[in-house]
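Subject: Structure handover

Hello,

I am passing a structure on to you, with the sequence alongside.

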Amino acid sequence: MSSLLKILLFFRIRNECGCTYTVAMNAEMRFKYVELMYERMSLTPREKTRLSTLNKSALYLSLAAAFGLLIVASFQVDAMPIPHYSGAFLTFLLGGVCCWLHAIITWKMYKEERDKAFFLTFIFQIIVSLFVSVFFVMFSVSLGHYRHQRDAGHGTKEGALRPIFLTAAFSEWFLALTVVAYILTFVPGFRTIDYDGGTVKWKAPVSSSVSTCTKMMRCCS
């Protein structure tokens with residue numbers, strides 16, 4: 001377990017921000033899964049180094065994005081908007097970069113394995129990454145415009161500037177939903193591994209487990 005993940009676990013215990021730790025844990029599991037994948041792939045040392053670098057970059061950026069999510073949860077927008085929005089920008093900016101990095105990693109795995117499941121996952125990841133990018137631009141522009149107009153004395157979020165404020169708020173929520181949808185693309189890979197919080201290994205094939213049980217039943221009979 002990485003040091004950053006342990007730090008996030010500490011904050012989860014102190015602040016009870018389970019969502020933050022869940023995101024970090026998924027990032028850690030994805031990292032371990034990709035490690036297992038490229039160990040069994042027939043890649044050159046140079047290709048393995050590139051894939052390993054991409055994988056590590058995605059992990060560290062994901063953990064940093066999870067820390068931003070912790071900041072969002074710790075500072076409410078009405079009470080302390082600056083820390084709240086700073087955490088949101090950290091989460092969604094780095095999270096968006098991670099989405100594209102993971103899509104590249106999935107494409108590389110598809111090129112090696114030629115598995116239709118990898119291709120479908122790649123397509124879905126690309127679509128979600130595009131949505132993440134669009135919603136992030138909407139969030140950034142609308143929030144910046146709202147703050148500029150508010151500071152210039154042209155209204156408040158309860159008055160003339162409410163449509164702009166709601167655009168920023170809904171964009172933030174849609175960003176969160178699309179990031180969650182992206183994390184769901186990791187599930188098919190996670191089903192093929194056993195993870196105990198420290199080590200990861202491939203699950204035993206179902207066929208071999210069935211045959212073992214069959215042999216034991218025959219032996220007992």
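This is a predicted model: local features need pLDDT of at least 70, side-chain atom pairs count only at pLDDT 80 or more; totals for chains, interfaces and linings use all residues.

Annotated spans

An unreviewed UniProt entry carries the annotation "transmembrane region" for residues 58-77, 83-105, 117-144 and 164-184. I looked at two of these spans in the model. For residues 164-184 the figures are 95% helix and 0% strand, with 31 Å between the end C-alpha atoms.

Helix 3 runs over residues 45-74. The axes of helix 3 and helix 4 come within 7 Å of each other and cross at roughly 155 degrees. Angles over 145 degrees count as roughly antiparallel, and helix 3 and helix 4 are therefore roughly antiparallel to each other. Their crossing is left-handed. The contact of helix 3 with helix 4 is made up of 18 nonpolar, nine polar and one charged residue.

Helix 4 covers residues 81-113 and helix 5 covers residues 116-151. Their axes come within 9 Å, and the crossing angle is roughly 160 degrees. By the cut-off of 145 degrees, helix 4 and helix 5 are therefore roughly antiparallel to each other. The crossing of helix 4 and helix 5 is left-handed. In the contact of helix 4 with helix 5 there are 21 nonpolar residues, eight polar ones and two charged ones.

The last pair is helix 5 and helix 6, the latter being residues 162-183. The axes of helix 5 and helix 6 come within 8 Å and cross at roughly 155 degrees. That makes helix 5 roughly antiparallel to helix 6. Helix 5 also passes helix 6 in a left-handed crossing. The residues of the contact of helix 5 with helix 6 are 18 nonpolar, seven polar and one charged.

The second largest pocket

The second largest pocket has a volume of about 230 Å³. Which residues line the second largest pocket? The lining consists of Met41, Ser42, Leu43, Glu47, Arg50, Leu51, Trp107, Lys108, Lys111 and Glu112. Helix 3 and helix 4 are the elements that give two or more residues to this lining. Helix 4 gives the most, with four residues. By type, the lining of the second largest pocket divides into five charged, four nonpolar and one polar residue.

Regards

Methods
Residues are numbered from 1 along each chain as its sequence is written. Side-chain values use heavy atoms; hydrogens and water are left out. UniProt positions are given in the numbering used here, feature names are shortened, and annotations may be inferred rather than shown by experiment. Axes are lines fitted to C-alpha atoms, for helices over the stretch in contact, and angles run from 0 to 180 degrees between N-to-C directions. Angles under 35 degrees count as roughly parallel, over 145 as roughly antiparallel, 65 to 115 as roughly perpendicular and the rest as oblique. A crossing is left-handed if the near helix is turned anticlockwise from the far one by less than a right angle, and right-handed if clockwise. Ala, Val, Leu, Ile, Met, Phe, Trp, Tyr, Cys and Pro count as nonpolar, Asp, Glu, Lys and Arg as charged, and the others, Gly among them, as polar. On a 1 Å grid over the protein atoms alone, a cavity is a set of points where a 1.4 Å probe fits but cannot get out, and a pocket is an open set with protein on both sides within 12 Å along at least five of seven lines; lining residues have an atom within 4 Å of a point. Grid points are joined across faces, edges and corners, and a volume is the space filled by probe spheres set on the points.
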